[in-house]
Amino acid sequence: MNQDEARHDAARAGRFSVRVLRHADPADFDLLLDLRARVLRPGQPKQRSHFPGDDAPGAVHLGAFVGERLVGIATVTEENGLRLRGMAVEDDARCRGVGAALVHRVCAVAIERNAPLWCNARAAAVGFYEKLGWVVEGEQFDMPDIGPHFRMRWRPA
Ligand SMILES: CC(C)(COP(=O)(O)OP(=O)(O)OC[C@H]1O[C@@H](n2cnc3c(N)ncnc32)[C@H](O)[C@@H]1OP(=O)(O)O)[C@@H](O)C(=O)NCCC(=O)NCCS
């Protein structure tokens with residue numbers, strides 16, 4: 001079985017599932033903030049992982065679960081169309097299709113709302129997004145305390 005088949009097999013076998021996280025539910029949102037802080041802002045206060053737009057009515061927070069454990073997250077906020085933010089998968093859950101499954105759900109939101117979709121991607125994650133049909137727009141730029149980024153947009157096939 002190749003890597004792609006293994007990933008589809010993992011999802012089919014129910015080894016992870018994706019659902020909407022309820023922002024209004026403190027338990028759900030707290031779990032999301034914990035994962036964001038741990039993976040994307042290690043060593044920084046958890047409140048720095050609370051993004052503008054998180055609380056807006058048009059925001060969608062998605063979580064991937066293995067059993068009851070949250071292993072991956074992604075958020076869509078309304079900003080110049082739709083913006084993907086806070087894409088993160090726990091270290092020990094990577095390379096199993098969790099990130100791709102979350103991005104597919106985010107793209108489905110863009111299709112549903114007929115809105116353009118973009119993100120600021122860490123340079124190290126550009127290849128991940130490219131595999132999922134995203135393209136780089138513009139020059140590399142630096143985000144303080146995080147590192148080099150590229151603006152990317154999703155280009156539906
Ligand atoms: C980037 C990240 C979300 C990927 O999640 P993941 O669950 O491991 O990704 P998947 O298993 O769904 O990978 C999908 C495809 O992208 C590839 N891929 C994954 N991470 C990649 C990377 N950093 N660079 C290039 N390709 C990558 C996989 O090999 C796979 O390719 P395949 O379809 O040819 O097998 C995860 O590594 C992560 O959370 N990294 C740290 C935080 C981060 O950088 N987030 C993005 C902020 S913009």
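Reader: Which residues of helix 2 are buried?

Author: This is a predicted model, in which local features need pLDDT of at least 70, side-chain atom pairs count only at pLDDT 80 or more, and totals for chains, interfaces and linings use all residues. Residues are numbered from 1 along each chain as its sequence is written. Helices (H or I, at least four residues) and strands (E, at least two) are DSSP runs numbered from the N terminus; a residue is buried if 20 or more other C-beta atoms lie within 10 Å of its own, exposed if 12 or fewer, and partly exposed in between, with C-beta atoms placed from the backbone. By that criterion the buried residues of helix 2 are Leu 32, Leu 33, Leu 35 and Arg 36.

Reader: Within what arc do the buried residues of helix 2 fall, seen down its axis?

Author: The arc is that of the directions from the helix axis to the C-beta atoms. The buried residues line one face of helix 2, because they fall within an arc of 165°.

Reader: Which exposed residues does the face of helix 2 turned away from its buried side carry?

Author: The buried residues of helix 2 pack against strand 1, strand 2, strand 3 and strand 4, contact meaning that C-beta atoms, placed from the backbone, lie within 7 Å. The face turned away from this buried side carries the exposed residues Pro 26, Ala 27 and Asp 30.

Reader: How far apart are the end C-alpha atoms of helix 2?

Author: The expected span is 1.5 Å times one less than the number of residues. The 15 residues of helix 2 should therefore span 21 Å, and this agrees with the separation of its end C-alpha atoms, 20 Å.

Reader: In what order do the seven strands form the open sheet?

Author: Two strands pair if DSSP finds at least two bridges between them. The pairing in this open sheet is mixed, and its seven strands take the order 1-2-3-4-5-7-6. Each edge strand pairs on one side only; these are strand 1 (17-21) and strand 6 (134-143).

Reader: Which residue is the bridge partner of Leu 21 in strand 2?

Author: Strand 1 and strand 2 run antiparallel and are joined by five bridges. In strand 2, the partner of Leu 21 is His 61.

Reader: Which residue in the turn between strand 2 and strand 3 has a positive phi?

Author: Strand 2 and strand 3 pair in the antiparallel sense over seven bridges. They form a hairpin with two residues between them. The turn residue with a positive phi, of about 60°, is Gly 67.

Definitions and conventions:
Contact = placed C-beta atoms within 7 Å.
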